[in-house]
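Look at the sequence and the structure shown below. The report that follows walks through the parts of the fold one at a time.

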Amino acid sequence: MPQAATSECSDQMSMNFSALGRMVRRFPRLHLALSAALAITVVAMALSPESGESHPERKQALTLPKPGTAPATGAASPVATTQPARPRPAPAPPEPEWIELEVQSGDTLSALLQEHGVTAAQVHRLVTGDERLAALARIRPGETLGITLDDDGELNALRYHPTRIQTVKATLGDDGRWQVQSETREYQRRVRFAEATIDNSLFLAGHAAGMSDNLTMQLANIFGWDIDFVLDIRNGDRFRVLYEELYLDGEKVGTGNILAAEFWTQGRHLTAYRFETRSGDADYFDSEGRSMRKEFIRTPVAFSRISSRFNLGRKHPILNKVRAHRGIDYAAPSGTPIKAAGKGKVIFAGVKGGYGNVLILKHGQRYTTLYAHMRGFARGIRVGSRVNQNQTIGYVGMSGLATGPHLHYEFRVDGVHRNPQTVPLPKAQSVSDNEKPQFLVQAKRMEAQMTLFAEAATLASSNVL
Ligand SMILES: [Zn+2]
């Protein structure tokens with residue numbers, strides 16, 4: 001295919017390649033017939049192995065505490081709330097009386113508060129007093145506000161919830177300024193278990209197991225370094241997942257993180273555990289503490305196609321002479337985000353001749369990656385910036401010598417150009433030696449939870465049948 005082989009900078013006739021089409025091709029079986037996945041989201045409680053109460057007959061209902069935390073007490077009691085403390089019998093400082101207002105369709109903050117004698121000037125001072133109060137200007141129907149008025153009927157406190165877990169409270173100080181406090185509630189987290197055998201597609205199996213697409217995507221991302229979910233998956237492959245569900249006031253509001261996962265595919269068994277390092281980064285590791293990730297992603301731009309391969313004897317399409325192509329070209333629509341292939345530091349950000357806008361990242365001592373023909377750099381990207389793997393560093397363009405938008409990507413090891421498609425990629429960092437004992441304890445605990453859940457699931461299904 002001569003055009004493809006020489007199209008680094010040739011016309012991108014196939015630019016109508018759409019991201020959607022690509023998605024459909026990636027998950028072709030998503031819309032096919034129903035999966036007969038064995039799928040049980042177990043609503044079974046396994047007691048924490050540490051509690052010393054893990055007799056099988058004690059397995060009864062429902063949820064597990066998050067590994068490493070004390071068992072939850074009341075199923076629906078939030079971990080923390082910002083509600084004022086309940087009135088106690090003991091004498092308390094006089095609580096101002098909160099007037100609760102519900103925003104109706106067509107209401108503005110001014111209109112709402114003016115009904116209670118608050119002047120437009122007061123409202124203006126309030127909204128412009130602190131940036132955390134600015135969102136008040138955009139209140140929407142159904143939201144609620146609380147206000148208190150002093151003896152003269154002047155507004156002296158206001159509280160509202162910009163999001164479901166946030167409360168912002170403004171109190172008028174003696175100096176006439178608004179003091180603002182904001183609090184964020186913690187979600188209550190419950191540990192759930194799901195398992196499924198793939199009969200058709202990963203996503204259908206996930207659905208049948210009660211998993212959201214988002215959660216299934218998380219699962220695919222964890223194992224995506226070792227398993228090609230488009231090519232490698234076979235009927236009969238199966239997985240187990242231990243994950244968090246997020247609750248507020250006893251109501252489920254979303255899914256949290258996958259805590260542990262196992263995947264069986266074509267004779268391979270992969271296990272991953274989530275671990276938060278002391279620096280606060282969370283990542284997935286195998287049972288020995290080795291990273292599930294590689295240090296570099298293979299393709300730094302999603303929804304692209306290779307328009308020119310690594311080729312040391314190539315004829316340049318514009319210069320028309322032999323000029324080695326020491327990188328890979330990915331054709332993608334102008335403006336498509338470009339991701340950092342690995343964690344690193346920006347050592348060049350600027351214009352480099354025919355390469356146009358170029359960014360070079362240094363990753364440790366041995367590796368550098370180069371990104372050329374960019375339309376521009378992402379905000380905050382400059383020489384010296386530190387970037388994380390997958391962070392957007394810029395956008396596909398056609399700056400420099402290029403006749404169509406594409407990313408020219410180079411990968412160097414010890415200063416030598418290597419083919420980004422085939423170069424062996426090192427594993428990302430393992431759990432550090434000093435955190436390893438803690439990791440191993442946590443991993444063992446999650447493994448034990450997984451086993452208990454799985455046993456409970458088997459029991460539950462055999463009881464039903
Ligand atoms: Zn190129």
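The text below describes a predicted model, taking nonpolar cores, a sheet, a helix and ring pairs in turn.

## Nonpolar cores

In soluble globular proteins, nonpolar side chains tend to be buried together. The largest nonpolar core of this model has 26 residues. The residues with the most contacts inside this core are Leu359, Leu361, Tyr371, Ile393, Leu407 and Phe411. Two or more core residues come from each of β14 (328-331), β17 (357-363), β18 (367-377), β20 (392-396) and β21 (406-413). The largest share, 4 residues, is given by β21.

With its neighbours within four places in sequence left aside, Leu359 is in contact with Val346, Phe348, Ala349, Thr369, Leu370, Tyr371, Met374, Phe377, Ile381 and Ile393. Apart from this core lies another one, of 25 residues, which includes Ala194, Leu202, Leu219 and Val241.

## A residue in strand β8

Strand β8 covers residues 188-197, and Phe193 lies in it. Is Phe193 buried or exposed? Phe193 has a relative accessible area of 0%, so it is buried. Along the chain, Phe193 and Gln449 are 256 residues apart, yet their C-alpha atoms are separated by 9.2 Å.

## An open sheet

An open sheet of 5 strands runs in the order β3-β4-β5-β6-β7, and its pairing is antiparallel. The edges are formed by β3 (99-102) and β7 (178-184). Each of these two has a single partner strand, so one side of each is left without a neighbour in the sheet. On average, neighbouring strands of this sheet are turned by 20° against each other, direction ignored.

Strands of a sheet pair through backbone hydrogen bonds, either parallel or antiparallel. Within this sheet, β4 (residues 144-149) and β5 (residues 155-160) pair in the antiparallel sense over 5 bridges. Leu145 has Tyr160 in β5 as its bridge partner. Helix α4 (residues 120-129) packs on the sheet and touches β5, β6 (166-172) and β7. The direction of α4 makes about 50° with that of β5.

## Helix α6 and its cover

Which residues of helix α6 (residues 213-223) are buried? They are Leu215, Thr216, Gln218, Leu219, Ala220, Ile222 and Phe223. An α-helix has 3.6 residues a turn, so residues three or four places apart point the same way. The cover over the buried residues of α6 includes α5 (202-208), β9 (238-248), β10 (251-265), β11 (268-276) and β12 (282-285).

Thr216 lies in α6 and counts as buried because its relative accessibility is 0%. Beyond the residues within four places of it in sequence, Thr216 is in contact with Leu202, Phe203, Gly206 and Met211.

Another threonine, Thr271, is placed in strand β11. Thr271 has a relative accessible area of 18%, and buried means under 20%, so Thr271 is buried. Not counting residues up to four places away in sequence, Thr271 touches Phe223, Ala261, Glu262, Phe285, Asp286 and Met292.

## Aromatic rings and charges

The count of aromatic pairs comes to 11. Two of them are set out in the table.

| Ring pair | Distance between centres | Angle between planes | Arrangement |
|---|---|---|---|
| Phe229 and Phe263 | 5.4 Å | 75° | edge-to-face |
| Phe275 and Phe285 | 6.5 Å | 75° | edge-to-face |

Why does the pair of Phe229 and Phe263 tie together parts that are apart in sequence? Phe229 lies in the loop between α6 and β9, while Phe263 lies in strand β10, so the pair ties together parts that are 34 residues apart. Phe229 is buried, with a relative accessible area of 12%. Phe263 also counts as buried, at 0% relative accessibility. Ring pairs link Phe223, Phe229, Phe239 and Phe263 into a cluster.

In the other pair of the table, Phe275 belongs to strand β11 and Phe285 to strand β12, 10 residues apart. Both Phe275 and Phe285 are buried.

The charged end of Arg159 is placed over the ring of Trp98, 4.1 Å from its centre. The charged end of Arg238 sits over the ring of Trp264, 3.9 Å from the centre of that ring.

Note on methods
Residues are numbered from 1 along each chain as its sequence is written. This is a predicted model: local features need pLDDT of at least 70, side-chain atom pairs count only at pLDDT 80 or more; totals for chains, interfaces and linings use all residues. Side-chain values use heavy atoms; hydrogens and water are left out. A nonpolar core is a set of buried Ala, Val, Leu, Ile, Met, Phe, Trp, Tyr and Cys residues joined through side-chain atoms within 4.5 Å. Buried means under 20% relative accessible area, exposed over 50%, partly exposed in between (1.4 Å probe, protein chains only). Contact means heavy atoms within 4.5 Å. Two strands pair if DSSP finds at least two bridges between them. Axes are lines fitted to C-alpha atoms, for helices over the stretch in contact, and angles run from 0 to 180 degrees between N-to-C directions. Rings of Phe, Tyr and Trp (its six-membered ring) pair if their centres lie within 6.5 Å; planes under 30 degrees apart count as stacked, over 60 as edge-to-face and the rest as tilted. A charge sits over a ring if NZ of Lys or CZ of Arg is within 6 Å of the ring centre and within 35 degrees of the ring normal.
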